[in-house]
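This report describes selected local features of one model. Please read it alongside the sequence and the coordinates.

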Amino acid sequence: AQLLRWLESPNTPVPDGAGLWGDVLSRLHRFMRRERETREQLGMTLQRFQLAAEAMPDGVIMLDADNRILWCNATAARDLSIHPATDRGGLVTNLVRQPVFVGALQKHTYREPLQLKGQAGPEQSLSAVIVPFGTDQKLVLARDVTQLERMDTMRRGFIANVSHELRTPLT
């Protein structure tokens with residue numbers, strides 16, 4: 001009777017018993033303790049993973065098989081205008097509407113980095129990579145490459161200018 005009452009509300013302590021029932025109940029108690037410890041360890045592991053992903057300088061979005069947002073870090077939220085609280089479960093293609101990104105998701109072409117425009121401003125440029133993992137899940141990793149592109153443009157301009165200036169005296 002005590003076991004049946006406990007099974008109806010297992011959040012209470014496992015009942016005490018004597019004899020054979022005592023052995024069964026103590027094994028059940030050990031099983032429940034191990035299960036609770038395992039659940040706590042999994043929770044701590046998940047929390048460490050989320051803290052590590054939050055600390056990354058790149059944006060990270062976790063998608064399910066239907067391209068719905070399961071989770072994203074603060075960098076992805078900022079760069080791609082995703083609101084983690086309200087957009088969780090929504091289609092990423094409704095939020096990131098750039099044809100190159102939508103096409104890559106539809107065609108399952110994940111090999112090449114995608115050049116995207118960030119949502120922070122018209123000059124923001126992102127390099128995104130889609131990485132499949134698990135069972136039909138995907139990670140979208142987005143890196144802000146705006147500064148690198150500016151430096152490359154300045155380098156090309158400098159080389160063109162120097163090359164022109166050197167050619168003129170030679171002529």
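Predicted model: local features only at pLDDT ≥ 70, side-chain atom pairs only at ≥ 80, totals over all residues.

Residues are numbered from 1 along each chain as its sequence is written, and side-chain values use heavy atoms, with hydrogens and water left out.

Helices (H or I, at least four residues) and strands (E, at least two) are DSSP runs, numbered from the N terminus. Strand β1 spans residues 59–63, and five of its five residues are buried (under 20% relative accessible area; exposed is over 50%, partly exposed in between; 1.4 Å probe, protein chains only). In a regular strand, side chains alternate between the two faces of the sheet. Gly-59, Ile-61 and Leu-63 lie on one side of β1 and Val-60 and Met-62 on the other, and all are buried.

β1 pairs with two strands (pairing requires at least two DSSP bridges). With strand β5 (residues 137–144) the pairing is antiparallel over five bridges, and Gly-59 is opposite Ala-142 there. With β2 it is antiparallel over three bridges, and Met-62 has Trp-71 as its bridge partner. β1 and β2 form a hairpin with five residues between them, where Asn-67 in the turn has a positive phi of about 65 degrees.

Trp-71 also takes part in the one aromatic pair found in the whole structure. Its partner is Phe-49, at 6.2 Å centre to centre and 45 degrees between the planes, a tilted arrangement. Rings of Phe, Tyr and Trp (its six-membered ring) pair if their centres lie within 6.5 Å; planes under 30 degrees apart are stacked, over 60 edge-to-face, and the rest tilted. The pair joins helix α2 (residues 19–55), which holds Phe-49, to strand β2 (residues 69–72), which holds Trp-71, 22 residues apart.

Thr-75 is in helix α3 (residues 74–80). Beyond neighbours within four places in sequence, Thr-75 is in contact (heavy atoms within 4.5 Å) with Met-56, Pro-57, Asp-58 and Gly-59.

| Residue | Relative accessible area | Class |
|---|---|---|
| Thr-75 | 9% | buried |
| Trp-71 | 11% | buried |
| Phe-49 | 40% | partly exposed |
| Ile-159 | 46% | partly exposed |

Ile-159 is in helix α7 (residues 146–170).
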